[in-house]
Structure formats: C-alpha cells, structure tokens
Amino acid sequence: MADARRDNFGFADARILDGNIGYIDLTGFEDLEYAADTAAAAMALVANADALIIDLRRNHGGDSAMAQFLSSYFFDAESVPLFDLHAREKNGRALTQYRTLPYVPGVRTPHRDLYLLTSNFSFSASEGFAYSLQNRKKATVVGETTGGGANMWTGMVVSDRFYAHMPTTAPIDPVTGTNWEGVGVEPDIAVPAKDALMAAHAKALEKLAASRPKERDRYRWYLTGVEAKMHPTAVDPATLPSFTGTFGPLAISLDGGKLFLENRGSKSALFAVQPDLFGNEDFGYFRLRFIRENGRIAALVIENDNGTSRRYKKEAHDPAPLE
C-alpha cells in the first residue's frame, strides 16, 4: 500500500485544460478502501469543467470497486447495473452484481460529456470501466483498441510437470450479454494513442461550441489552438528572425529554431496558428498577432479569448525587412 500511496493511488494528474475541459490521468485502479479520498478529491477538482477527459492509456487495471465508484459519478442517484461477476464454484456459479452507488462524495455529472482515452496497454478493470460507460452511452472512447483482458484466472498445479492458468470469473455486461475478453474495447474515435488527448480535447470543444451558442466563440477560440497543435502551420525558418525584438514590455526571442515570449522574467514557447499569428504553449487565453507594414513587422497585438486586445509597437532598432 505504501507504493500505491507514493503513486497517489493511480491519480497521476488532475487539471483543467484550455476551454474549461477537465483532465484526469488515471494509471491504475487501486483498492477503494484506501484510494477513495484521493479519487473524490480528483473528481472535486474537475467538478466545474464543461467536459471531462479521463486518460486510461497507461492503466493496466486493478480494483473493480474503484471502477464502480468512479462510474457512479456519471449517473443519477438511482441505482443502475454496471456488470455482473460470474464465478465458477464447486456447486455451480456464484453471481456478484456491481451497480452504481447511491452516494458518492461531491457532485454527480450525469449529463456532462465524458471522453476516455485508451491504448493497447489499457487492460482489465480499466477496460471494464470504458466498456460499461461506452455501452451506456455515457462516454466516448478515443484512442486504440484495448488489450482484451476481461476474465479473471487462477493458477493450478495439474501435475508435477504442468501448471495451468484457469479462468474462474467472467464479468458480464447486462447491456451486451458478454464482455471484452480477447477482443478489447473498440474506440469510438480511432487514433494512435499518442494523439488521443488532443483528439478528445478538440472533439470536446467542437461539441460544446455546437451545443452552447452563447459561448461558441470562446470554445472555438480554444479549438483553433488545439487544431493548430494537431496540424501545425508551416513557417519558413528563414523568416523567424524577423519576428524577434522588443515590443513595449514584451520581448520575442529565437532559441533552437523556436520563438519564445519573454515577459517579467518568464519565458514561454510559441506555436504558429497562422503565418503571422502565434499561440502560447503555457497560456491559451491569449495569442500574438504580428502586424507587417511595408514588409517589416511593425507591431505586436495581444489578442485575448474575451475579444479584447492590446497593441505594442516594435522598437526601431530591430532587424531590417525581409526581401
């Protein structure tokens, strides 16, 4: 249990992404008896997010009770069957039913968009979590087909020369009447695992922009930034020195073929959204638009996600215009 505590019971990260999208990186389903408080704290941190992404790409499974606990946050208080465990017994089969819990600490979000990230490493209880929520239309699975480990097994000595792994328990989903053994959980949006987070982030923002007209512009602002990272705008390296210089209290520098914004001792990398428009990798709520006059960059405009902007003139001693 000390190892699980040092790993924060599998909750490697919990934060808010650009556009108020919650993100939890869950690397394992630890024993609920010990991990419940940490799980509840992570869910509380993302309670006010407009959509939620749970990352299962590094999750190899664990305690089914943790999957039951987390799943309960995405349903109303009414008890809903999640899966049945059919166990092999000497005198027949024993059945244990897992249902959503009548109480969880904090806020339930049954109608919030949920995205689960998967890889071919995702296994066992993490697959069951994704399988159950996907079948109940509670989550969109993004990434790769999972490993396909549903049935539980035990080791048995067959003879002095043979040792066998024997399946003893099978989880059965009441919706499908089966499970994911040997086939895995297929994603709704199939992308390489390394691209799953940005794909889910973009999908969440796109859906929110379509469903909330009053906030459409703000969601689309952040969607544009995510799409620019997914499909980078090509900028001729030979032009990068022309962007550098001093603009009022701001400075643009070039280091290792990449532009950086420097302000009050901090330095953050920039990425191209358009040829003369750059996003900030650390702060998504503003962008930098470079203004050209007679072939020379003459000013820098800081554009904010709320529609406001501020213009800074470039210092006169900066480089000559490109031919």
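## Helix α6

Which residues are buried in α6? In this predicted model, the buried residues of α6 are Tyr219, Trp221, Tyr222, Leu223, Gly225, Val226 and Ala228. Here, buried means under 20% relative accessible area, exposed over 50%, and partly exposed in between, with a 1.4 Å probe and protein chains only. The cover over these α6 residues includes α5 (196–211), β14 (266–274), β16 (286–293) and β17 (296–304); contact means heavy atoms within 4.5 Å.

Helix α6 spans residues 216–230, 15 residues in total, and reaches 21 Å from first to last C-alpha, close to the 21 Å expected at 1.5 Å a residue. That expected span is 1.5 Å times one less than the number of residues. Helices (H or I, at least four residues) and strands (E, at least two) are DSSP runs numbered from the N terminus.

## The nonpolar cores

Let's turn to the cores. The largest nonpolar core holds 41 residues, and Ile54, Leu70, Phe74 and Phe129 have the most contacts inside it. Two or more residues each come from β2 (21–26), α2 (32–45), β3 (51–55), α3 (64–72), β4 (81–89), β6 (113–118) and α4 (125–135). Helix α2 gives the largest share, six residues. A nonpolar core is a set of buried Ala, Val, Leu, Ile, Met, Phe, Trp, Tyr and Cys residues joined through side-chain atoms within 4.5 Å.

Leu70 touches Phe11, Leu26, Phe29, Ala39, Met43 and Phe129, leaving aside residues up to four places away in sequence. A second, separate core of 22 residues includes Ile21, Ile53, Ala196 and Leu197.

## Helix α2 and Asp55

The buried residues of α2 are Leu32, Ala35, Thr38, Ala39, Ala40, Ala42 and Met43. Their cover includes β1 (11–17), β2, β3 and α3.

Strand β3 also contains Asp55, which is buried with a relative accessible area of 3%. Beyond residues up to four places away in sequence, Asp55 touches Tyr23, Ile24, Asp25, Leu26 and Leu117.

## How α3 meets α4

Helices α3 and α4 pack at about 35°, with their axes 9 Å apart. Axes are lines fitted to C-alpha atoms, for helices over the stretch in contact, and angles run from 0 to 180 degrees between N-to-C directions. Ala67, Leu70 and Ser71 of α3 meet Ala125, Phe129 and Leu133 of α4.

## Notes on the model

Residues are numbered from 1 along each chain as its sequence is written. Local features need pLDDT of at least 70 and side-chain atom pairs count only at pLDDT 80 or more, while totals for chains, interfaces and linings use all residues, and side-chain values use heavy atoms, with hydrogens and water left out.
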